[in-house]
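Take a first walk through this structure.

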Amino acid sequence: MKNKIFIIIFSFVILVSCQATKQLSGIEEIKNYQKELAESYTDPKTTPLVKEEKDNFKGITFFPINEKYIVEAKFSPIKDGKVIPFPTSAKKIKNYKEYGVVEFELDGQQNQLTIYQSFPIMEEYKDHLFLPFMDDTNGVTSYGGGRYLDLSTKDLGTKSKTITIDFNKVYNPYCAYSKHYNCPIPPANNLLDVEINAGVSYIK
């Protein structure tokens, strides 16, 4: 009997340990992502900033990592999605095709966002999905022009009806730091009536 109890306790400890390791790995992944993103702005080989912008650059800042903003969303594909012209910061147009809709709960509220693909789709970006959005932090603690999140068709698998949305990985468009870019403005249907206190914040 004692052996049986020991085995049960041991199994429980192993299970908790594995879950904690998995959780830690997820946090570490976010930390690494954010570190690489911040470094890409200061690395001369990857920075989008020109010399005069570098002089005034205050660095990339982040909200504290919060697992609350890692949500499992219901995914619904959009068959024969429309091609939508997105206005840009440079007063031009970029086209994106509707790919699917995600629905999730946050702070007791149901939310919905549309995921897009750039159009026409280039072969090297065929798996890339684009989630531009705005929320109640814009213009206060995050960039006023909205933020982006990159996803992949591979995140969905072949039969998946869900997708993980990790708002700790949202980032600002280059236009938040440079006037030399042409950044799409999130559409009105992707305005969230909640605060997303996660991912990249903004200091003017």
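Buried means under 20% relative accessible area, exposed means over 50%, and partly exposed lies in between (1.4 Å probe, protein chains only). The model is predicted: local features need pLDDT of at least 70, side-chain atom pairs count only at pLDDT 80 or more, and totals for chains, interfaces and linings use all residues. Residues are numbered from 1 along each chain as its sequence is written, and side-chain values use heavy atoms, with hydrogens and water left out.

Begin with the plan. The protein has 2 helices and 7 strands. Helices (H or I, at least four residues) and strands (E, at least two) are DSSP runs, numbered from the N terminus. Along the sequence the pattern reads α-α-β-β-β-β-β-β-β. Of the 204 residues, 37% count as buried.

Now look at β5 (128–133). Of its 6 residues, 5 are buried. β5 runs antiparallel to β6 (residues 147–152), and 6 bridges join them. Strands pair if DSSP finds at least two bridges between them. Phe133 stands opposite Arg147 in β6.

Next, the inside. A nonpolar core is a set of buried Ala, Val, Leu, Ile, Met, Phe, Trp, Tyr and Cys residues joined through side-chain atoms within 4.5 Å. The largest such core has 23 residues. Phe104, Leu113, Leu151, Ile163, Ile165, Phe167 and Ile196 touch the most other members. β1 (70–77), β3 (93–106), β4, β5, β6 and β7 (162–166) each supply at least two residues of this core. Apart from it lies another core, of 17 residues, including Tyr116, Phe130, Tyr148 and Cys175. In soluble globular proteins, nonpolar side chains tend to be buried together.

Turn to the charged pairs. A salt bridge is a side-chain nitrogen of Lys or Arg within 4 Å of a carboxyl oxygen of Asp or Glu. The count by this rule is 8. One of them joins Glu39 and Lys35 (2.8 Å, N to O). These two are separated by about one helical turn because they are 4 residues apart in helix α1 (residues 2–42). Glu39 counts as partly exposed, because its relative accessibility is 39%. Asp55 and Lys51 also meet in a salt bridge (3.8 Å, N to O). Both Asp55 and Lys51 are exposed. Lys126 and Glu123 form another (3.2 Å, N to O). Glu123 has 57% relative accessibility, so it counts as exposed.
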